[in-house]
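Open the model in your viewer and keep the selection tool ready.

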Amino acid sequence: MIEMKDVWKTYPNGVMALNGIDIYIDKGEFVYVVGPSGAGKSTFVKCMYREEKPTKGSILIQGTDLAKLRERHIPKMRRKIGVIFQDFKLLPKLTVYENVAFALEVIEESPKVIRQRVMEVLDLVGLKNKARSFPDELSGGEQQRVSIARSIVNHPPVIIADEPTGNLDPETAWEIMDIFKEINERGTTVVMATHNKDIVNSFKKRVIAIEGGRIVRDEQKGEYGYEI
Amino acid sequence: MKSRTLKRHFAEAFKSLGRNGWMSFASVSAVTVTLLLVGVFLVVLLNLNHLASQIEGDVEIRAYIDRTTKQSEYNDLQQKMEQIPNVNEVKFQSKEDGLQELIKSLGDEGKAFSSLKNENPLPDAFIIKAKKPQDTSTVASEIEKYDHIKKVDYGQGTVERLFKVTGVARNVGLVLIVGLIFTAMFLISNTIKLTILSRRKEIEIMKLVGATNGFIRWPYFIEGFTLGLMGSIIPILVVIFGYEFLHGQVNNQLDTVFVKLLPVYPMVLQLSIMLAVIGGLIGVWGSMTSVRKFLKV
Ligand SMILES: Nc1ncnc2c1ncn2[C@@H]1O[C@H](COP(=O)(O)OP(=O)(O)OP(=O)(O)O)[C@@H](O)[C@H]1O
Ligand SMILES: [Mg+2]
């Protein structure tokens, strides 16, 4: 499903964020990415949907090498990966409904299918009644749920989330986790970078720990392993 | 692209125009102000050019003929003149007609000359018009060399000065209009850039969600075009109705000096189309150049 081979990333300013990453993530897995601040977690996941291009190495997603992907093929690849950003990245001038629908308009889905699927997924994240609101009229947790709805509405095989619970209170964080669990149970691969010790330790899944741009630990049913 | 996607792009563009209300208003206002300047300026310049052409068109050469010239030589002379490349037409004016015209042009004072009818002091003349008024002096000096020509008169000196003045005026007008259009483009594209600059994040997000560059560009294209087109509405109305009014007020008074303003139609319609096209193009150009910058995510 996702395979990284000897991936290095040096930012233009000289920061070496990733220093030889090798990893294989299978279809349907649930993976936490943990590690101290500045360890390279965000860089690691950003390489998976080509927000960042690795300096060296190859990243295979369903057999396609992202590192070699041509500029014009990137949009198609990104549609196969649902991304949930820590800062939500919602379109400010579009309503909740329109934000979610955007991911389907991009693939030229018919209006009928769009309407049906958007309402379905808004129902799943519990935001059906806020469909007409604008992002700045929502709380942080609600915005995060819109961002999740958008990432899953076109049924991508992979979901990548960078600190999806970072700005949320514990209760909302768990609500978000329930959505991820449900998506994962439907067979979607989930990769989630997080600082949330509680969640990692109680909802046990594979844990990859990154420090200084290297993988220092990779265990099934792992622990968070850091003191906050 | 599927037709429903094109429909979506139009809907998106108009939605965005509405939701970015103030920014849209600012862009449209910038287009309006500048196109208003361009429109008014063009009306003035085109009319000045038209007036100048009318005055220039009145320039003609009078070639007076020796009294000793035989009737048969008149035809030869006329043919020879007609064959000069820059000559448009050659008309013969007998001395009787010449006197008649002189008396008429002098008005009341001319009546004093009426007594001269019996002993007409004027010679017969050819009246020659050059194809281009500017060629008048060349043609005149050519004709001057012919036999039987007593004198050539085309308002020497005055005419050269006239052409110098109209020539300079045309060039100045051209420079001004080009400068104005460039200023307009700069002003408008800057305003539109501002509106899209504020959407840099928007474009970045769309790309991360898997939109192609074309998909992102379309609504901005339509939006820019619409902004420009909307900005041309007021200038077009001002040009049409303003000029119609001005024409009605001024043209009759100009009649006394034998010149006319450009007729209202088709000029205002041509100008309207031009303003709309300039508006639309500048709008598209402004939005496209600014979008292009952000598409490289
Ligand atoms: N766009 C960038 N340009 C230059 N350096 C960057 C950029 N993004 C990240 N870095 C640097 O790369 C290193 C790894 O950053 P990264 O964002 O991947 O860390 P992280 O593990 O996600 O941290 P956090 O837990 O705080 O989110 C850091 O030293 C950071 O300063
Ligand atoms: Mg991070």
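Predicted model: local features only at pLDDT ≥ 70, side-chain atom pairs only at ≥ 80, totals over all residues.

**Stop one: the ligand**

Now show the polar contacts.

- A:T43: a polar side-chain atom sits 2.5 Å from an oxygen atom of ligand 1.
- A:S42: here a polar side-chain atom is 2.7 Å from a ligand 1 oxygen atom.
- A:G38: a polar backbone atom lies 2.8 Å from an oxygen atom of ligand 1.

How much of ligand 1 does the protein bury? Of the 630 Å² that ligand 1 exposes when taken alone, 67% is buried by the protein.

**Stop two: the sheet**

Four strands of chain A make an open sheet, ordered 2-1-4-5, with antiparallel pairing. Strand 2 (16-25) and strand 5 (64-65) of chain A are at the edges; each has a single partner strand, so one side of each lacks a neighbour in the sheet.

Zoom in on strand 1 (residues 2-10) and strand 2 of chain A, an antiparallel pair joined over 7 bridges. Pick A:V7: its bridge partner in strand 2 of chain A is A:I21.

Finish with helix 1 (residues 41-48) of chain A, which packs on the sheet. Helix 1 touches strand 1, strand 2 and strand 4 (56-61) of chain A. Its direction makes about 60° with that of strand 2 of chain A.

How values were computed: Residues numbered from 1 in each chain as written. Chains lettered and ligands numbered in written order. Heavy atoms only, no water. Pairing = 2+ DSSP bridges. Helix = DSSP H or I, 4+ residues; strand = E, 2+ residues; numbered from the N terminus. Contact = heavy atoms within 4.5 Å. Axes fitted to C-alpha atoms, helices over the stretch in contact; angles between N-to-C directions. Polar contact = N/O pair within 3.5 Å; in protein donor to acceptor, adjacent residues only side chain to side chain. Areas by Shrake-Rupley, 256 points an atom, 1.4 Å probe, with all protein chains shown as cover.
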